[in-house]
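The account below begins with the packing of side chains and ends with the overall dimensions.

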Amino acid sequence: MVLRACGFIIFRRLVGRIPPPGNIEYLLLQTSYGEHHWTPPKGHVDPGEDDLTTALRETKEEAGLRAEHLKVIKGFVQELHYEVRGKPKEVLYWLAELKDPGTAVTLSDEHQDYRWAQLEEACTLARYKDLQDTLRAAHRHLEACQDKQ
């Protein structure tokens, strides 16, 4: 049986800083267990729960950010497949903007630190190629959306 998890690649735009896309920072949380890896907020789907509801619930639980703090970006969802302790896992990530860049992040016990990072730093922190590719795909999506405006 495949473990399924869902979450958000959350970004904020810094106002009055460098022009887009250099004004975009991504939220990564550092786990308080295992290898203390960095990841966007995500978690397992509860029985009877749909994927997007899971992503919203986990983001609230892990980072203290509620649905009203976020603007889900249309047209972006990434599915990752990998193994954890020999078992298959799939993770769906949507892309969401933090409406107010000053909104505080409140960590759960599952995490010991968080960081807002521009793309390359976020990719360095993420370490895993599939997550790095997902962050880059999110960034390309935001650039394409910016070009259409």
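In this predicted model, the largest nonpolar core has 24 residues, and those touching the most other members are Ile-9, Phe-11, Tyr-26, Leu-95 and Leu-135. Two or more residues of this core come from each of S1, S2, S5, S6, helix H2 (119-126) and helix H3 (129-148). Another core, of 15 residues, lies apart from it; among its members are Ile-10, Leu-27, Leu-65 and Trp-116. In soluble globular proteins, nonpolar side chains tend to be buried together.

Ile-9 and Phe-11 belong to the largest core, whereas Ile-10 belongs to the other one. In a regular strand, side chains alternate between the two faces of the sheet.

Beyond its neighbours within four places in sequence, Phe-11 is in contact with Ile-24, Glu-25, Tyr-26, Ile-73, Leu-95, Ala-96, Glu-97, Leu-98, Trp-116 and Leu-142. One of these residues, Trp-116, is a member of the 15-residue core.

Which aromatic residues pair with one another? The structure has two aromatic pairs. Phe-8 and Trp-94 make a tilted pair, with 6.4 Å from centre to centre and 55° between the planes. Because Phe-8 is in strand S1 (residues 3-13) and Trp-94 is in strand S6 (residues 87-98), this pair ties together parts 86 residues apart in sequence. Phe-8 counts as buried at 0% relative accessibility. Trp-94, at 15% relative accessibility, also counts as buried, since the cut-off for buried is under 20%.

Phe-11 and Tyr-26 form a tilted aromatic pair as well, at 6.5 Å centre to centre and 50° between the planes. Phe-11 is in strand S1 and Tyr-26 in strand S2 (residues 24-31), so the parts tied together here are 15 residues apart in sequence. With 0% relative accessibility, Tyr-26 counts as buried.

Strand S6, which holds Trp-94, also takes part in a hairpin with S5. Strands S5 (residues 70-84) and S6 run antiparallel and are joined by 11 bridges. His-81 is placed opposite Glu-90 in S6. Two residues lie between the strands of the hairpin, where Arg-85 has a positive phi near 50°.

Now turn to the loop between H2 and H3, where Tyr-128 has its place. Is Tyr-128 buried or partly exposed? At 38% relative accessibility, Tyr-128 counts as partly exposed. Leaving out residues up to four places away in sequence, Tyr-128 touches Glu-35 and His-37. Tyr-128 and His-37 are 91 residues apart along the chain, and their C-alpha atoms are separated by 9.5 Å.

What order do the elements of the chain follow? From the N terminus on, they run β-β-β-β-α-β-β-β-α-α, which comes to three helices and seven strands. The radius of gyration is 15 Å, close to the 15 Å that the globule rule gives for 149 residues, so the chain is as compact as a globular protein of that length. Along the principal axes, the C-alpha atoms fill a box of roughly 45 × 30 × 30 Å.

Of the 149 residues in the chain, 47% are buried. Among contacts with a separation of 6 or more, 69% are between residues 24 or more positions apart. The chain exposes about 8,100 Å², of which carbon and sulfur atoms supply 51%.

Technical notes: Residues numbered from 1 in each chain as written. Predicted model: local features only at pLDDT ≥ 70, side-chain atom pairs only at ≥ 80, totals over all residues. Heavy atoms only, no water. Phe/Tyr/Trp six-rings, centres within 6.5 Å; stacked < 30°, edge-to-face > 60°. Helix = DSSP H or I, 4+ residues; strand = E, 2+ residues; numbered from the N terminus. Buried < 20%, exposed > 50% of the residue type's maximum accessible area, 1.4 Å probe, protein only. Pairing = 2+ DSSP bridges. Core = buried A, V, L, I, M, F, W, Y, C linked by side-chain atoms within 4.5 Å. Contact = heavy atoms within 4.5 Å. Rg over C-alpha atoms; globule rule 2.2 N^0.38 Å. Areas by Shrake-Rupley, 256 points an atom, 1.4 Å probe, with all protein chains shown as cover.
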